Amino acid sequence: MFEANQNSLEGAKQLDANCPLRKFRDEFEFPESENSEGTLYFAGHSLGLMPKRVRGVMEDELNAWGKYGVEGHFEGKHPWLPYHENITESFSRLVGGKTTEVVAMNSLTVNLHLMLTSFYRPTKNKFKILIENNTFPSDQYAVDSQARFHGFNPEEAVVELRPREGEMTVREEDLLAQIDEIGDELALVMLGNCNYLSGQCFDMEAITKRGHGHGAMVGFNLAHGAGNLVLSLHDWNVDFAVWCSYKYLNSGPGGMAGAFVHENHHGDASIPRFEGWWGNNKKNRFQMKRRFDPINSVEAWQLSNPPIFQLASLRASMEIYDEATMPAIRKKGDHLTSYLEWLLSENCGSFVEVQTPAFREDKQVRGSMLSVKMTKDPKQLVNSFKDKGVICDFREPDILRMAPAPLYNSYEDVFRLVQIIKDFS
Ligand SMILES: Cc1ncc(COP(=O)(O)O)c(C=O)c1O
């Protein structure tokens, strides 16, 4: 994919010059750094950088609040009452759902619980939940507590995927075989996509099909997938999904989360749901009726009127996504991540082992993050990063996670990062 002369600053600059998304870098503010060449930010899988246009949209809402007070719900450029609807079309494109299937609401773990309340409906014989083996702790706590809530012992009810001895990622055939093995006892498959630690992405369509084959519900946590992968949740028949927007989606710390519920489940009165007034039929919401009248879409899962400032920053960030488009972002992401992998192997191959699956043309097996095992002085390397202006993520004992974010990271950033790792050795 790359040629020897691209293992140079000049080569990296040339790749930037030819990059169709290069103009988007100027849309973002980079953290300050002691390094005169600027910050090398590779933590977009944790907290995305701030889009410059966020200041403007925040200012708009502060002005609307100052000018209109409560009337801001109906007045101004973007009235607050339907404000979350400003995000709907962008989310629909982002995850491949119908506009009735996606909504911006709450935060991630809250949405996960709301979805589990509706889609984890265990019975005496069908009560098992399949999750990743090394999933983010919040997901583990959520499923454990849901199992307990229904009277099951999580030790028995929550089954973790099993990678083979010595392997960090799970082979697809093993994953599908494990679904078959649990068989009739399987109530729910709830996987992340991508895995936060290894960067492995799963074949969501195949998993959904296999889970449904056993009468199970299938949902995904897209914390590391939304804004990173090209998704088709509706066509893949996924039952539900949740995601946050502060990582690849750059909406700011603690930003609004998203939820997807397949239209197959809308209007199904047999599905249990925790309810709040924002999920009530918009036509009579303000009649303050005693009984809940659900909106016939995923919006029925909304509880509260949403935080407008968080939605405003998300709106600014989604504008950038709509301009750049997800397929183009993924295309650059694949190339940039492969560039990082190639430079690491050319320059640091003796002490760096990439754990994330290798790029494949035929399916998305990874996004824009490389999880790398450092076999030499990982802690010292990470300690040296601060002075060099590098921001990325270290997980004990020896894993470095680096996300070249296609909207704002350049090939030059990637080249400079690898030089720092190489020079350290
Ligand atoms: C996979 C995954 N699940 C859950 C969370 C928790 O998110 P929140 O604090 O927004 O609920 C994170 C946060 O990084 C995550 O990566």
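## Overall fold

The protein's secondary structure comes to 12 helices and 15 strands. Helices (H or I, at least four residues) and strands (E, at least two) are DSSP runs, numbered from the N terminus. The radius of gyration is 22 Å, close to the 22 Å that the globule rule gives for 425 residues, so the protein is as compact as a globular protein of that length. That radius is taken over C-alpha atoms, and the globule rule is 2.2 Å times the number of residues to the power 0.38. Along its principal axes, the C-alpha trace spans about 70 × 60 × 35 Å.

This is a predicted model: local features need pLDDT of at least 70, side-chain atom pairs count only at pLDDT 80 or more, and totals for chains, interfaces and linings use all residues. Residues are numbered from 1 along each chain as its sequence is written.

## The open sheet

Seven strands form an open sheet with mixed pairing, in the order E4-E10-E9-E8-E7-E5-E6. Strand E4 (102-104) and strand E6 (158-160) stand at the edges. Each has a single partner strand, so one side of each is left without a neighbour in the sheet. The twist averages 20° from one strand to the next.

E4 pairs with strand E10 (residues 258-261) in the antiparallel sense, over three bridges. Two strands pair if DSSP finds at least two bridges between them. Ala104 stands opposite Gly258 in E10.

## Helices on the sheet

Helix H4 lies across strand E7 (186-192), strand E8 (217-221), strand E9 (240-243) and E10. H4 runs at about 170° to E9. Helix H7 (residues 172-182) lies across strand E5 (128-131), E6 and E7, and runs at about 170° to E5. Axes are lines fitted to C-alpha atoms, for helices over the stretch in contact, and angles run from 0 to 180 degrees between N-to-C directions.

## Around the ligand

The ligand is surrounded by Ser107, Leu108, Thr109, Phe136, Ser138, Asp139, Gly192, Tyr196, Asn221, Ala223 and Cys244. Helix H4 (108-119) and helix H5 (137-149) are the elements that give two or more residues to this shell.

## Ala226

Ala226 sits in the loop between E8 and E9. Ala226 is buried, with 27 other C-beta atoms within 10 Å. A residue is buried if 20 or more other C-beta atoms lie within 10 Å of its own, exposed if 12 or fewer, and partly exposed in between; C-beta atoms are placed from the backbone. Of the 425 residues of the protein, 45% count as buried.

Not counting residues up to four places away in sequence, Ala226 touches Leu94, Val95, Trp243, Tyr248, Leu249 and Gly258. Contact requires C-beta atoms, placed from the backbone, within 7 Å.

Terms used:
A residue is near a molecule or strand if its C-beta atom, placed from the backbone, lies within 6 Å of it. Two residues are in contact if their C-beta atoms, placed from the backbone, lie within 7 Å.
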